[in-house]
Amino acid sequence: MIPVCHLADLPAGESVRIDTAPPIAVFNADGELYAIDDTCTHQDASLSDGWLEGCLVECPLHAASFDLRTGAPTCLPARRAVRTHPVTIENGMIYVHHAAEEGTAA
Amino acid sequence: MKSVAVIGASLAGLYTARALRAQGFDGRLVIVGDERHRPYDRPPLSKDFLTGTTGQDQLALADAEEIAELDAEWLLGTRATGLDTGGRTVLLDGGRSLTTDGLVIATGATPRRLPGTPPTGAHTLRTLDDAQALRADLARGPARVVVIGGGFIGAEVASSCAGLGHDVTVVEAAPLPLVPQLGDAMARICSALHADHGVALITGTGVARLHSGGGENRVTGVELTDGRLLPADVVVIGIGVRPHTAWLEGSGLPLDDGVRCDAGGVTPLPQIVAVGDVARVDGSRTEHWTSATEQAAVAAQNLLAGSTVARHRSLPYFWSDQYGVRIQFAGRRLPTDTPRIVEGSPDDRSFLACYERDGHTTAVLALNRPRPFMRLRRELARATQPATT
């Protein structure tokens, strides 16, 4: 269980990158929290820097788009999913539960 | 339309083939590529592929499943040598020919070279084979590398070579590199990245000739037009590209720094479209990854419609990774537009700049500021583009 930040510090439409290995991006999509692997599966770019629209995040480099709920790419150039990770809130603090390797969405 | 030939098996050709299938074309699809490789991504060739952090398998633009779904006939290692527009017949090397109802020209561009036969150790970098040859040469041990040309490819190669521990010098004929792309002030900041990382940048002098010797006629130095001689074990020539249209000479298609086509990628013959680096779309030719992918969908739609029903209007966008700095640019900048730093600092090599004309933003440049860049790029696209069809 990895602490991310206070819920108040991640308002709707914002994202934060946590320096796990590999790094994880946490998004507040209109009040729903999602965590996915931060690195785009197409090429080296940080999805936490991406454009958030609804439940989709668009990669800042080549505009690949991923569904935060499933990690699945919704358009080219990405063809592989990013892993998703469960998120919980305890006492106003956001936590990410690192998905086990065998549970990958890819 | 029962059959389409796509000449060129790289990004633009593959994306057009995909778009044709996605838009319902279920006829015969033939993809001709002069390289022996299936479509692969070129941008990493000067970056992570050169440094060895990305392997060949990671460059593939389509996996086996997708290749199967595309249901195309692949003629790889096959060069188009001519076009008979009347019969829409493409002449191929080896005396073969290919006749289809529709034709997609996606033959890309070829690197400009120095006059004469290059000696061993002098490289250009466009293809996977080029990159493998350069990578093998760099693996021989610490080398004095001279990069001729300070544009984005040259700068990326210099960065990769410096990262591998080589002694690198960049030679640029203009007083400052990147001025056509970024303008004087921003070009000065980006060019300073070389010195930050111990790479020498020599500007304002051209290359007179390469020196070479020994049994294998290996390059030994680069003689500059000002008389200086730079010792070199490896030379990389990055002085731009020219659109690969030689095979279209005499075909009747209008050629003018690329295949001239309208904003929908359609040539004067509606059954022939052009996409990517080879296409001069509505008066301008771009060599950008993103443009190639966007033009593909538009050209496919027009080819199937038999006329220009869609137009490519997206904001030009490109990026470059060098010395750990991500440079991103979007927009249509005139030389007279004035850049203004709106966030960050050039000294930190992390900033966001807007180019302005009459109080309006025309383009945006970022160094290591992907997030605000993306926001401004989208705002700029909305502000300058009419709704696309």
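This is a predicted model: local features need pLDDT of at least 70, side-chain atom pairs count only at pLDDT 80 or more; totals for chains, interfaces and linings use all residues.
**Overall build of chain B.** I started by looking up the secondary structure and found 9 helices and 25 strands in chain B. Next I checked the radius of gyration: 22 Å for chain B, close to the 21 Å from the globule rule for 389 residues, so chain B is as compact as a globular protein of that length. I also took the extent of its C-alpha trace, which comes to about 60 × 60 × 40 Å along the principal axes.

**Inside chain B.** Of the 389 residues in chain B, 45% are buried. I then looked at contacts between residues with a separation of 6 or more, and 61% of these in chain B link residues 24 or more positions apart.

Which strand does β1(B) pair with? I see β1(B), residues 3-7, running parallel to β2(B), residues 28-33, with 5 bridges between them. One pair I looked up is B:V6, whose bridge partner in β2(B) is B:I31. Helix α1 of chain B, residues 11-22, belongs here too: together with β1(B) and β2(B) it makes a right-handed β-α-β unit.

I followed β2(B) onward and found it also pairs with β3(B), residues 73-76, in the parallel sense over 4 bridges. In that pairing B:G33 stands opposite B:L76.

**Where the chains meet.** How many residues of chain A are in contact with chain B? I get 8 from chain A, in contact with 8 residues of chain B. Sorted by class, the chain A side has 3 nonpolar, 3 polar and 2 charged residues.

Conventions. Residues are numbered from 1 along each chain as its sequence is written. Chains are lettered from A and ligands numbered from 1 in the order in which they are written. Two residues are in contact if their C-beta atoms, placed from the backbone, lie within 7 Å. Ala, Val, Leu, Ile, Met, Phe, Trp, Tyr, Cys and Pro count as nonpolar, Asp, Glu, Lys and Arg as charged, and the others, Gly among them, as polar. Helices (H or I, at least four residues) and strands (E, at least two) are DSSP runs, numbered from the N terminus. The radius of gyration is taken over C-alpha atoms; the globule rule is 2.2 Å times the number of residues to the power 0.38. A residue is buried if 20 or more other C-beta atoms lie within 10 Å of its own, exposed if 12 or fewer, and partly exposed in between; C-beta atoms are placed from the backbone. Two strands pair if DSSP finds at least two bridges between them. A crossover is right-handed if, with the strands pointing away from the viewer, the path from the first strand over the helix to the second runs clockwise.
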